[in-house]
Each structure stands twice: as C-alpha cells, then as structure tokens.
Amino acid sequence: MSCHNALRKVLNWATAIFHTDLLRVTSRRLASATKTRSITTMATVTEEEECMGNVKAQLAKLFEASLRVTIPNEPDVEPLVAACGGKFGDYQCNNAMGLWSKIKGKGTQFRGPPAVGEAIKNNLPSSEMIESCSVAGPGFVNVVLSKNWMAKSIQKMLIEGIDTWAPMPPVKTAVVDFSSPNVAKEMHVGHLRSTIIGDTLARMLEFSKVEVLRRNHVGDWGTQFGMLIEFLFEKFPNFEDITEAAIGDLQAFYKASKQRFDADPAFKQRAQQAVVRLQGGEDKYRRAWAKICEISRTEFHKVYQRLAVHLEEKGESFYNPYIPGVIDALTKQGLVEESQGARVIFIEGINIPLIVVKSDGGFNYASTDMTALWYRLNEEKAEWIIYVTDVGQQQHFDMVFKAAKRAGWLPQGDSSYPKASHVSFGLVLGEDGKRFRTRNTEVVRLVDLLDEAKSRSKAVLIERGKGEEWTEEEIESTAEAVGYGAVKYADLKNNRLTNYTFNFDQMLNDKGNTAVYLLYAHARICSIIRKSGTDIEELKNKGTVVLGHKDERDLGLHLLQFAEVVEEAFTNLLPNVLCDYLYNLSEIFSKFYSNPECKVIGSDVETSRLLLCEATAVVMRKCFNLLGITPIYKI
C-alpha cells in the first residue's frame, strides 16, 4: 500500500531543555568547582505558532485530539501522520495497528485495527482543512485536504510572506561548528563539504527563528606553529611588515618549513623551543603567530566571500585558558584516570580511551573539543551543538559526546536537549574514483575550483549571445550565481554520508537535477509573470487562488509541504531532503504549466494561475536561500 510505505513517524520536538551550570570559568581566572546541574523547562511556543504553515503538524494536532477520545487510557500515544500522495489521500494517520497491539486483551470495545481506525476517523474534530476521510486496510486513516483551505493557505502566505511557513523547533540557541580549516594551509576541496553543508544547516535553523552561532573552529594552535614561526623569522626578519604577497602560496610556505624541520636538526630544535615560547606568551612569538593567522584569514575570506558564507572565528587557541579548569573539574568527578603516563577518560564500549592530557603534560584535540563543548553549553547556552566534519572523525566525536554524558553535561538519551550531533560526510572524488586531486597529485585549491566554475558558466552565457544583450555586471553576477550555485547544489543534493564524483560538465548541465536547471526554471517563471504585464503585488491582495484543475491542486499540495520538508531536513541534518523537494517542485510546476488545460496568460483564471506561479517562485527562492544559492531572474 503506497501510503503505508510512506509512513514516517511524526517528529516530536522535546519540550524540556536541560540547562547546565557545571562550572564557571573566565578567561583570566579559572575555577574548577562543579556546580549543581539544574533542569528547567523552556517556554514553549503556542500550538498555533508551532503549526502555522506546517500541514503535517496541523493534522497531527487534530489526530492527537481524536486519539485522546478514542483511547483515553493510553495518553502517551503520539499521532503518526505522514504525507502519502497516493490515490487514497494526501496524508495518512497510521496509529491503528500499533494501538491495537497495545489494547487487545484489555477488555477493549474494538475488534481489530480497522475498527480502531474508524473510531479515530469518527472522533476527529471538525476542521476546514479536511475535505474527507476514509479508512483503508488495517485501519489506515486517509485524509483528503480541502481545496478551498489549500488555496486560502497559499494566498495567506503570498500576502504575509514565506516566513509564516517557517518551522518552530523548541530550540532557542544552536551552535553550528563547520568549515574549520587549519591556519597556514590553503582551503582545498576537502573543506567544501563542511563549509556548504554547515552553512545550509545554519540557514535552515535561522529561518526557523533559532539564534545560530556560526563557529569556525580553525586549527590555530599546536606544535606546528614552532616550525612556521622559526621559518618566518628566517625568511622575513622584519616579519611584521610582510604582506600576503610576500609569503606567497601558504601551502608552499608550510611545506618548505616542514621540509626544513625534517632535514635540519638545529632548525628542529629552535622550532621546538619556539613552541614553548609561544605557549609561554613571549611577545615576539605571539606577534609572529598572530601574523601567520592574519595572512591565513585573508585567504579563507576569499573562499567565504565567493560562497557567501558567514562565520565567526573561535579557533582552538580561544579555548586554551579554559582547558585546565575543565580537566580539573572532570578529574574531581572521577572521570579522568592515569593510563601509561597520560590522563584519559574511559568510554564504555570503546577499546581505546579519550586522552585529555598527553604523557608529556600537553593538551590535544580531545582537551580542546571537550572544553569547547563545555563552553558552548555553559557560556553560550547552546541547546543544540552541531559539528560538521568528515566521517573520519566520527569515533572521536562519539567519544567526546559520551564523555560529556558521563560528566552530566548532556542527558543520556538523544531525544532531549541540550544535545550534540556529529554531521559526518563522505569524500569528494575525481573521475578516477579516487580522492579529487590535481594532475600532480595535489589537493585542489577551493578558490581555483570556484573560479573555474564561474569561468565555465560565463563562457556558456557568452556562447549564447548574452554578451551582446546584457551588461558586463549582469553577466558577471549571473555567472557567479550559476557557477557557485552549481558547485553547491551538486554536493548538497547527495546524501551527505555518500561519496560523490566532482564533474563540472554534469553540475553545469542545464538538464536534470542540477542548480542550472532549477535556476533557469525559476527565471522562466519570473518571465511568465513579467510577460503578463500585471502588478503581481497588487494581484496578491486583490486576486484569489483557485485550485480547480488536478495539476493546480498537485502543485498547491507540494507548495504547502514546504515547512514540513524544511523541518525534516534540519531535524535529520540532511540537506538533500530539501534539494529533492526543490527539484520535485520544479517538475510538478512544469507539468502544470505545460498542460494545455492549465494555460496561464489569457485564460479565464489567469489571476489565480499567475498567483500560483508567484507562489512557486517564492518557495523556490526560499529553497535557494536555504541552500546558499543566489536566484537568477532572467536567462
């Protein structure tokens, strides 16, 4: 049964937020006492606000009321509502079978799942959103939405704006930790996925009224800075006056310093001493370190500017002053133990410990990540901390999160807040199926990759004669929107856990599931509205949407599912869910517009169909915005 196969449990947001007051540490004065955790309940949004624009959530509220009447002795049953899109209805409630297994043999009046389904249907409160209900098979309650209600909902969105369809998760503040390149190294294609996946997740949460702290946890500390600083002193005695151009290729500078470190014992010794001096706060070494970070930051900015990605840097060095206090508190809790000269936290089910202090007394990634997590929970009051890194770091973060649960920083389950999530992703591959590299086996610089995408996009525009029709500014902006958008979408449309092959020809193709096709589709819709010669803003307030034809209704239904799709995408941390929705929207619109029976300009229902075109364009633009893609309005 198609609807049954579409069953997806309604996502229920937790209503309780656990707030931690484990420890108070300032950057100057570290206190190691552990304070008592308090549990508070977050102020919840009203039911009306929570469901606004979310059809599935609105139906879930109706079925919840029905379930309370149908089975009053089972108060904890949550409604299972799913979109199904089959011949039986638009949505389906799938509680009957599960309920029957709970209540049979308890003197129930029902005689099987179908009877339970009938009761659920009959106890539904009356609602203008439902046109009809039916029960099929073992109690599946099928719902057909009212066309009038659908049309009114779309028109309301056009008047009040797409933000009224934003999901309302019970989270006020989230941290999204993404991109996070290493200082003194070029950003390469390996940083692409973290940067754009993290940006999209941040955008979806921001759209949903969550305050998002976009954190760039750059690698700006560690033993490698000793060799970099000594090499800088050697090459540029007046290092404070140098510019990015003087150093040149950062990657080459790093490699040259590493070669010197490996080949010259005297240099190696000076580099090791430089680390001690840097960590001891010696002014000259601190200034040299700051200079290297500054030059790296300039390089990173070139990438972020092209991708239109905003981040706030809080690198590894930021957390250094807090580490001793956090480790001390964990030790007092009895979590930190001695093992082979190091100080570690043992994690149940994992055969290697989490090393938080190395045998030489130094700190490491685990020390920093534990401290960063503590800081985000206690100082920044984040209720959801999301880490976007490659799949190779899965075990590391699993251990960090389990250690945090042992410490009482996070609740034991994964459904309560605050919580931490690791968003892992696969590799970017070349045509040979191996990690994407240049011909001389170097990793590909991200700036070069993006510039190539823009260049190819611009060449296509010139080839199509746009150089004669458009201004240079229009060509440049369109080439950027299409080129950068193509790179982003080619990544985001894939399930992030899978590897994908980087191919310019495929991603810049104007046919199929590509950003180019979708951007052109949006531009064509804008062209239809322009050709009508009507003032679309005036039409929104004076016209009326009517969903008389099946293709109009199909389009309207898909538009109305936008909010629940965004919620599903960020709840499961899967941007490809939104990409699938956007591509399907384009296909459903094409079917509507190409149907002779749905003629837009010059038809008796031109006003309604123009409003449907505008609603489609509005939702497409919001999808583009959430994916970090700039829409184009003409082709």
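**Salt bridges, a hairpin and a buried arginine**

Lys-61 is partly exposed in this predicted model, with a relative accessible area of 25%. Its side chain meets that of Glu-64 in a salt bridge, with 3.8 Å from N to O. Glu-64 is likewise partly exposed, at 22%. Because the two residues are three places apart in helix 3 (residues 55-70), about one helical turn separates Lys-61 from Glu-64.

The side chains of Lys-454 and Glu-480 meet at 3.2 Å, N to O, in a salt bridge. Lys-454 belongs to helix 16 (residues 446-463) and Glu-480 to helix 18 (residues 472-492), so this pair ties together parts that are 26 residues apart in sequence. Lys-454 is buried at 16%, while Glu-480 is partly exposed at 32%. In total, the model contains 48 salt bridges, and a network of them links Glu-186, Glu-299, Lys-302, Arg-445 and Asp-448.

Turning to strands, strand 5 (residues 130-136) and strand 6 (residues 140-145) run antiparallel and are joined by six bridges. The two form a hairpin with three residues between them, and Gly-137 in the turn has a positive phi of about 55°. Ala-136 stands opposite Phe-140 of strand 6.

Finally, Arg-609 is found in helix 25 (residues 606-627) and is buried, at 8% relative accessibility. Beyond its neighbours within four places in sequence, Arg-609 contacts residues including His-549, Glu-552 and Phe-592.

Conventions
Residues numbered from 1 in each chain as written. Predicted model: local features only at pLDDT ≥ 70, side-chain atom pairs only at ≥ 80, totals over all residues. Heavy atoms only, no water. Pairing = 2+ DSSP bridges. Helix = DSSP H or I, 4+ residues; strand = E, 2+ residues; numbered from the N terminus. Buried < 20%, exposed > 50% of the residue type's maximum accessible area, 1.4 Å probe, protein only. Contact = heavy atoms within 4.5 Å. Salt bridge = Lys/Arg side-chain N within 4 Å of Asp/Glu carboxyl O.
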